[in-house]
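Hi,

Here is the structure I promised to pass on.

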Amino acid sequence: LLDPRYEGFVERYHGDPLRFCVEVCGFTPSQDQIDACEAIQPPNAKVSVVSGTGTGKTSLFARIVLWHMLCHPIAYYDGKIEIGSNTYIGAPKISQVGDGIWKEMKDAFLSIANGPHSWINDYYVIAKTRVYVLGYSEQWFIAQIAMQKGEAVGVAGKHRYWQLIVIDEACGVPDEHYNVIDGTQTQGGNRTLLASQGARNAGRFYDTHHSLNAAK
């Protein structure tokens with residue numbers, strides 16, 4: 001927060017995940033990836049993506065979660081000042097997160113290191129199951145959560161103004177987890193991003209493209 005370069009960095013990228021992906025990460029997005037960046041841009045966005053194999057979903061999501069962490073440092077609301085953003089990445093099997101998005105985040109870290117904003121890498125750590133801003137490991141982070149049937153719901157009781165929940169392979173996540181997410185994502189800066197192959201014709205992920213689709 002004290003680095004003189006950081007205020008201008010946040011001002012430029014806070015409201016523009018696409019610009020962050022391109023300018024900070026050196027990422028060249030496809031049209032589908034551009035559409036996803038634009039969809040998740042509003043502070044209270046709820047986005048659901050049907051995705052196949054080899055579409056670049058995982059690589060994009062890794063850069064979106066880094067954008068959310070690095071570009072959302074402070075929230076002012078209800079007379080309070082809150083430092084840090086929280087990002088949770090879930091999947092039916094936690095190994096799906098580690099093998100996919102975590103690997104892509106490390107690739108993005110290397111790309112950032114070779115770009116014009118390499119200095120930002122000095123301020124956060126990508127550990128095995130958690131990414132965090134130095135000095136704020138409990139307030140400003142990206143964390144993994146498992147979302148298997150019958151397990152404790154990992155985001156229960158989690159609240160932050162700048163909070164992003166990303167669920168990969170979302171059609172395999174039981175509805176009990178989505179019910180908890182609905183109760184957690186209640187503030188104006190809470191974003192939710194789901195993605196999956198359309199492998200089931202029932203469940204919450206299916207509903208987001210039918211009965212819950214804002215365009216219908």
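By polar contact I mean a pair of N or O atoms within 3.5 Å; within protein, one must be able to donate a hydrogen and the other to accept it, and residues adjacent in sequence count only if both atoms are side-chain atoms. This is a predicted model, where local features need pLDDT of at least 70 and side-chain atom pairs count only at pLDDT 80 or more, while totals for chains, interfaces and linings use all residues. Numbering starts from 1 along each chain as its sequence is written, and side-chain values use heavy atoms, with hydrogens and water left out.

Let's start with Q185. A polar atom of the Q185 side chain lies 2.7 Å from the backbone oxygen of R191. Q185 is buried at 8% relative accessibility (buried is under 20% relative accessible area, exposed over 50%, partly exposed in between; 1.4 Å probe, protein chains only). Beyond its neighbours within four places in sequence, Q185 is in contact (heavy atoms within 4.5 Å) with Q163, I165, N190, R191 and T192.

Now the rings. The whole structure has 11 aromatic pairs (Phe, Tyr or six-membered Trp rings with centres within 6.5 Å; planes under 30 degrees apart are stacked, over 60 edge-to-face, the rest tilted). One of them is F9 with W119, edge-to-face at 5.6 Å centre to centre and 75° between the planes. These two sit 110 residues apart. F9 is buried at 3%, and W119 is buried at 10%.

Cheers

Definitions and conventions:
Helix = DSSP H or I, 4+ residues; strand = E, 2+ residues; numbered from the N terminus.
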